[in-house]
Amino acid sequence: MDLKTGLVGSGSTESRELDLVIAGGGPAALAAALYAARYDIDHIVLESYQPGGQAALTAVIENYPGIKTITGGDIVTAMKEQAESWGAVFEMASVLSAEPLKDGIQIKADSSTYMARNLIIATGAAPAKLGVPGEDKFYGRGVSYCATCDAPFFRDARVLVVGGGDSAVKEALHLSDFVSELVIVHRRDKFRAEPYLAHKLLSCGNCNVMWNTTLKEIKGDESVEGVILNTPEGEKEMKFDGIFMYVGRKPATEPFANLVELNDNGTVRTHNIVHTSRENVFAAGDVTDNDLRQIVTAVSDGARAASAVFDKLQ
Amino acid sequence: MAILSDSDAAEVTKIFGALVRDVHVKVYTQKLECPTCTDTETILRELDGLSERLKVSFLNPQTDSEEASRDGVERVPALIVTDATHCRVKFYGTPSGYEFSSLLTTIIDTGGSEEPLTEGTIQFLSDLDTDILMQVFVTPTCPHCPGAAVLASRMARYSSRVRSEVIEANEFPELSRKFRVQGVPRTIVNGIFYVEGSISETMMTDALKKGLEDAPSEETNLLDYLRNEGG
Ligand SMILES: Cc1cc2nc3c(=O)[nH]c(=O)nc-3n(C[C@H](O)[C@H](O)[C@H](O)COP(=O)(O)OP(=O)(O)OC[C@H]3O[C@@H](n4cnc5c(N)ncnc54)[C@H](O)[C@@H]3O)c2cc1C
């Protein structure tokens, strides 16, 4: 039986001065924290929830070098425990804003304020919304962005998955173990997902794919009852009990909009992988404009960012 | 066979080193019609040996019916975490996966040396003049659930006006259906208004304030409410 031993932190009301604040607690931040602790940098990691980020929201990871297969929860727990064993410090707090000071950055969190000489932005990304009618209304009532969390509520139900990338296809496969029937709609005529995942889905017994199809509206009374789809043959109404959305990610950069240059899509503009428009602010992982968004690239960015801070402090 | 691995046990022993006061966990289980009671009992028996500060007692809602009714136990498996002065903090369901982390945190909060709530929440709880029941639906695979579960438990531990129940949604499908839970975490307050997702302590305090002020009579998502108010 799987038992997670990590504790849930509490907010602190202390204000502090530090060499480094790491904003976020996903794989990029966990790697940055491990390296920062080993470099003996006076630091703190501020994470809104339990550390883990998006990686904790998936049931299987099969492409992290050296580990054949592991759950998302286990890999991030191991990363956190390793970082803590070297002295990494975590606090449960959301970063609300970050403003430049003469020789540092003022970081306001939920209940406390930090003055940091350096900042690593590793706040990753949250699931993007499609923005269709019914999406907000039925969130938690049939509309979900986390198959690992909510799949058990759809046992023997009919479920729609929207998207065609790695996450959509991987999570559809996870859901197919629970549901009676799964339909995945994708706006193109082939998946963007890894061929291995795409083949697996195409041969899954209770899965159907609708190509060149988009979701127009989610319908229901108290909870999801069905959808209207735009298909190549025109609008089509179909009955579903649940809708899982994997239509991209929205970078979590709002608190940093006044601090560093952002790209039009909201990601932090970087050069030399982790450097930003401000010399004491670094960015790592899915929050950046780096093209591959995976755990292996996020941890690599995190390590580089901590190393860059170490060099600066010398 | 042991459920806690050697490394789990070593990690928990280290965590329990932070206990400075005794913490009591009352475990209600029964043999019949409770497929998850045996695992729950085993986990708690294994935890029991890991700290002298942890006092676990095992009860049966049938044979200990008076105590069960005093403790307000409505289903099994049930765990009550307490400093022996109250029974406001309950967990229904097996404490596995991320729920184990919620249970450990609640044990440390109860017997630790620091108050884990912020001043704003303490003020709100101290001023409460009405009772609140917070029922937090969770699943063991949901990484955001401990945030919501632990926050409700912290509030209930602090104020005699608040009771918290962390409910494993898969193990109690009827209850989940009753509250139409299809996503977790979901915190149902007084059986009427609810908060979807894990939110910060400050936001939860604001949501509760708003909910109590407006006293909605039908199911209301307080976050929508707060969002609409804001603009
Ligand atoms: C369903 C799914 C399946 C996936 N499967 C795989 C896979 O099999 N293999 C793989 O390599 N990758 C996979 N990925 C991608 C991988 O999870 C991400 O690339 C990786 O998690 C990015 O790490 P990160 O640390 O940059 O950001 P994130 O994981 O997004 O973490 C960012 C963290 O920052 C926190 N945060 C955000 N804003 C704030 C704030 N203001 N204050 C404090 N904290 C904040 C968030 O709560 C979050 O915990 C998957 C992703 C998803 C969604």
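A polar contact is taken here as a pair of N or O atoms within 3.5 Å; within protein, one atom must be able to donate a hydrogen and the other to accept it, and residues adjacent in sequence count only if both atoms are side-chain atoms. The model is predicted, so that local features need pLDDT of at least 70 and side-chain atom pairs count only at pLDDT 80 or more, whereas totals for chains, interfaces and linings use all residues. Residues are numbered from 1 along each chain as its sequence is written, chains are lettered from A and ligands numbered from 1 in the order in which they are written, and side-chain values use heavy atoms, with hydrogens and water left out.

View 1. Oxygen atoms of the ligand lie 3.2 Å from a polar backbone atom of A:Ala125, 3.3 Å from a backbone N or O atom of A:Ala55 and 3.3 Å from a polar backbone atom of A:Arg293. Taken alone, the ligand exposes 1,000 Å², of which the protein buries 92% (accessible areas by the Shrake-Rupley method with a 1.4 Å probe).

**View 2. The shell around the ligand.** The ligand is surrounded by 36 residues, the closest being A:Glu47, A:Gln54, A:Val95, A:Asp286 and A:Ile295 (a residue is near if one of its heavy atoms lies within 4 Å). Domain 1 (15-126 + 249-313) and domain 2 (129-245) of chain A both give residues to this shell, so the ligand lies between them; the domain bounds come from an automatic or database assignment. H4(A) gives the most, with three residues (helices are DSSP runs of H or I with at least four residues, strands runs of E with at least two, numbered from the N terminus).

**View 3. The second largest pocket.** This pocket has a volume of about 1,200 Å³, and of its 47 lining residues the closest to the centre are A:Leu7, A:Val8, A:Gly9, A:Ser10 and A:Phe90. On a 1 Å grid over the protein atoms alone, a pocket is an open set of points where a 1.4 Å probe fits, with protein on both sides within 12 Å along at least five of seven lines, and lining residues have an atom within 4 Å of a point. The largest share of the lining, seven residues, comes from H2(A).

**View 4. Backbone geometry in two loops.** The peptide bond from B:Val76 to B:Pro77 is cis, with omega near 0°, and B:Pro77 is found between helix H3 (65-70) and strand S3 (78-82) of chain B. A:Asn212, although not a glycine, has a positive phi of about 50°.

How values were computed
Grid points are joined across faces, edges and corners, and a volume is the space filled by probe spheres set on the points.
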